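I opened my notebook beside this model and jotted down what I looked up. Come along and check the entries against the structure.

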Amino acid sequence: MSLSVNCTFTLEFTDGSARTGLIQSPRGEIRTPAFMPVGTAATVKAMLPENVRDTGADVILGNTYHLMLRPGAERVARLGGLHEFMNWRRPILTDSGGYQVMSLAQLRKLTEEGVKFKSHIDGSEHMLTPERSMEIQRLLGSDIVMAFDECTPHPAEEGVAAESMRLSMRWAQRSRDAFGDRPGYALFGIQQGNLYRDLREESSAALREIGFDGYALGGLAVGEGQEAMFDVLDYAPAMLPADKPRYLMGVGKPDDIVGAVQRGVDMFDCVLPTRSGRTAQAFTRRGVLNLKNARHQEDARPIDPDCACPTCRDYSRAYLHHVVRAKEMIAATLITWHNLHYYQELMQGLRDAVSTSALDTFVQSFHDMRAAGDLEPL
RNA sequence: GCCGACGUAGCUCAGUUGGUUAGAGCACUAGAUUGUGGAUCUAGGGGUCCCCCGUUCAAGUCGGGGCGUCGGUA
């Protein structure tokens, strides 16, 4: 087959501002709205790849920053690329490293050229630029590459936010140039502008001018709170091309995702289901359950009797509480498994609702279930 | 039996020449966590300072007696 295979997005249904669609890539389809589990260091922590797939994930997220430091992008490339290396054969989206440089690295020095920083692992010095970020993501074999940006810290005054956003837009152009033409692979640009509508508009115009295969909303869920984030999402997604996927980076809690889907977002990633799995928090349709809490110690019921995940099928809250307290590794696996299952079931519910024009009803029952709270105490 | 050391929070221990409401780490009870540091942070509960008597304005701290634990010894 000599035809080059492209990465395409097909919009299927809409319900208000909400959409469903399909991203088709050589490594598989991504149903949107999609939730991408985070697999930072070439692993979705505590999970086997086949089990991540079984929860319903079409795509996972990997990290430029972590993988460039350890084991190194060139080494991953020599070992056949990230998919082969970590045994996940489906699509992978990689973050560009811009966010992690700011949140993890020490001694950062930000210039027009890029960011110089010291590794949080061994203190070694590194430089990340749009060109190097594109090269690393190519070496990893990432299917969806993110432009190199600066995630504007919050709060930021308008002048600071504008300067930061314009730097990210110049880096977006350099990312586009460095990425080049790679059939079968996608490059996403990232809208910035903090909470300022005119800056979001300016950023969107710059990105549309450059042209990307998808567009992310960056600089949100960084401490501004849900109300402020929704205020931005009331207008920001519509500033981006309707025929390309829209990705809200780093979001979020289940109700954040529901609200963002209502406002026209197609893709999400978040550490919450996996990190919470390691800190004993289970997400359920009735809200969050903290399995560390002593009230679960003799509770023979599963996290959620109506959940079809392997954890809820076979394990009690009392057992999960015990393995959490005993710091046994299986606690992370079992709770993460449940959380990923819950998130993917939520996404499936949203997709079904949008495609049957029943999103309002779905959202209402989503909130009603949460308001009802956890199961009655035993 | 004798000699010595020790006895403070659930555990391991600090506690100044006697001086405000006796502390720490861990554990416990909760909370936070949004483009991942299995991390971290925040708050809270918990005391017959082995017991009794004494000295003193004032005792976890000094004295006497008792009880207990550990070690040594005949």
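In which loop is Pro155 found? I found Pro155 in the loop between β10 (144-146) and α7. Helices here are DSSP runs of H or I with at least four residues, strands are runs of E with at least two, and both are numbered from the N terminus.

Ground rules, before I go on. This is a predicted model, where local features need pLDDT of at least 70 and side-chain atom pairs count only at pLDDT 80 or more, while totals for chains, interfaces and linings use all residues. Residues are numbered from 1 along each chain as its sequence is written, and chains are lettered from A and ligands numbered from 1 in the order in which they are written.

Entry: cis bonds. I looked at the peptide bond joining His154 and Pro155, and it is cis, with omega about 0°. Another cis bond joins Arg70 and Pro71, with omega about 10°. Pro71 sits in the loop between α2 (64-69) and α3 (73-78). A reminder to myself: most peptide bonds are trans, and most residues other than glycine have a negative phi.

Entry: positive phi. Ala280 is not a glycine, yet its phi is positive at about 75°. I traced Ala280 to the loop between α11 and β15 (281-284). Ala280 counts as buried because it has 20 C-beta neighbours inside 10 Å. My cut-offs: 20 or more other C-beta atoms within 10 Å is buried, 12 or fewer is exposed, and in between is partly exposed, with C-beta atoms placed from the backbone. Ser357 also has a positive phi, near 55°, and is found in the loop between α14 and α15 (359-372). With 13 C-beta neighbours inside 10 Å, Ser357 counts as partly exposed.

Entry: helix α7. How do the axes of α7 (158-179) and α8 (197-210) cross? They come within 10 Å and cross at roughly 10°, which makes α7 roughly parallel to α8. Axes are lines fitted to C-alpha atoms, for helices over the stretch in contact, and angles run from 0 to 180 degrees between N-to-C directions. Under 35 degrees counts as roughly parallel, over 145 as roughly antiparallel, 65 to 115 as roughly perpendicular and the rest as oblique. On the α7 side I noted contact residues including Ala161, Met165 and Arg176, and on the α8 side Leu199 and Ile210 are among them. Contact means C-beta atoms, placed from the backbone, within 7 Å. By class, this contact has nine nonpolar, two polar and one charged residues.

Entry: RNA strand B. I found 43 residues around RNA strand B, the closest being Cys151, Gly250, Gly252, Val271 and Thr274. A residue is near the strand if its C-beta atom, placed from the backbone, lies within 6 Å of it. α5 (98-103), β14 (267-270), α11 (272-278) and α14 (329-355) each supply at least two residues of this surface.

Entry: Pro377 lies in the segment after α15 and is exposed, with 6 other C-beta atoms within 10 Å. Its C-alpha atom is 9.6 Å from that of His296, 81 residues apart along the chain. Tyr319 is in helix α13 (317-325), and its C-alpha atom is 46 Å from that of Asp213, 106 residues apart along the chain.

Note on methods. Two residues are in contact if their C-beta atoms, placed from the backbone, lie within 7 Å. Ala, Val, Leu, Ile, Met, Phe, Trp, Tyr, Cys and Pro count as nonpolar, Asp, Glu, Lys and Arg as charged, and the others, Gly among them, as polar.
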